[in-house]
Amino acid sequence: MNSYPMEYYEFFVSFNEGDYYTCHDLLEEMWMTEKDNLFLKGLLQMSVAIYHYEYGNVKGARVMMQTAYDYLQAYRPKFWGLDLEKVYPFIEASLATFPKNIDRIPFEQVGNLPKLPHLVLYMEDD
């Protein structure tokens with residue numbers, strides 16, 4: 001198996017624990033040293049999208065998830081041990097779940113938003 005930055009491995013743990021803020025920090029740290037790596041940027045945008053949605057910023061979630069969709073496209077079907085063919089159904093279902101007629105709701109009302117599908121990320125041998 002390939003060796004990746006420690007932050008990449010930590011990203012998987014944080015993502016699966018639902019700690020999307022930490023995902024952002026880990027991915028941003030790697031991306032800042034590899035700005036041409038749009039794979040990292042795509043995962044970063046996907047994590048930020050979920051974080052925004054959980055705090056009521058529906059428009060921000062839509063924009064970030066669409067950007068993740070666009071950035072990750074060039075890395076399909078698999079990159080850095082991540083099978084993107086297992087990630088894309090989540091991205092597409094999330095885009096379909098985000099309410100189209102809402103931009104933002106108060107945090108107290110976040111529980112009323114439709115639930116996003118669940119995604120467990122894991123690495124596979126290249």
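Author: Start with helices and strands. Helices are DSSP runs of H or I with at least four residues, strands are runs of E with at least two, and both are numbered from the N terminus. Gln45 sits in helix H3. This is a predicted model: local features need pLDDT of at least 70, side-chain atom pairs count only at pLDDT 80 or more, and totals for chains, interfaces and linings use all residues. Residues are numbered from 1 along each chain as its sequence is written, and side-chain values use heavy atoms, with hydrogens and water left out.

Reader: Why is Gln45 called buried?

Author: Buried means under 20% relative accessible area, exposed means over 50%, and partly exposed is in between (1.4 Å probe, protein chains only). Gln45 has 10% relative accessibility, so Gln45 counts as buried.

Reader: Which residues is Gln45 in contact with, leaving aside neighbours within four places in sequence?

Author: Met64, Thr67, Ala68 and Tyr71. Contact means heavy atoms within 4.5 Å.

Reader: What makes Asp103 and Arg62 a salt bridge?

Author: The rule asks for a side-chain nitrogen of Lys or Arg within 4 Å of a carboxyl oxygen of Asp or Glu. Here the N to O distance is 3.1 Å, so the pair meets the rule. Asp103 lies in the segment after helix H5 (84–97) and Arg62 in helix H4 (residues 58–72), so the bridge ties together parts 41 residues apart in sequence.

Reader: Are those two residues buried or partly exposed?

Author: One of each. Asp103 has a relative accessible area of 44%, so Asp103 is partly exposed. Arg62 has 18%, so Arg62 counts as buried.

Reader: How many salt bridges does the whole structure have?

Author: Five. Lys86 takes part in one with Asp83, at 4.0 Å, N to O. Lys86 also meets Glu124, at 2.7 Å. Lys86 lies in helix H5 and Glu124 in the segment after H5, so this pair ties together parts 38 residues apart in sequence. Shared partners join Lys78, Asp83, Lys86 and Glu124 into one network.

Reader: What does Asp83 do at the N-terminal end of H5?

Author: Asp83 caps that end. A side-chain oxygen of Asp83 lies 2.9 Å from the backbone nitrogen of Glu85. Asp83 counts as buried, at 16% relative accessibility.

Reader: Why do the buried residues of H5 line one face?

Author: The buried residues are Leu84, Val87, Tyr88, Phe90, Ile91, Ser94 and Leu95. Seen down the axis of H5, they fall within an arc of 165°, so they line one face of the helix. The arc is that of the directions from the helix axis to the C-beta atoms. These residues pack against helix H3 (38–54), H4, strand S1 (78–79) and strand S2 (82–83).

Reader: What makes a nonpolar core?

Author: Buried Ala, Val, Leu, Ile, Met, Phe, Trp, Tyr and Cys residues, joined through side-chain atoms within 4.5 Å. The largest one has 41 residues; Tyr8, Phe39 and Met46 have the most contacts inside it. H3 gives the most to this core, with nine residues.

Methods:
Polar contact = N/O pair within 3.5 Å; in protein donor to acceptor, adjacent residues only side chain to side chain.
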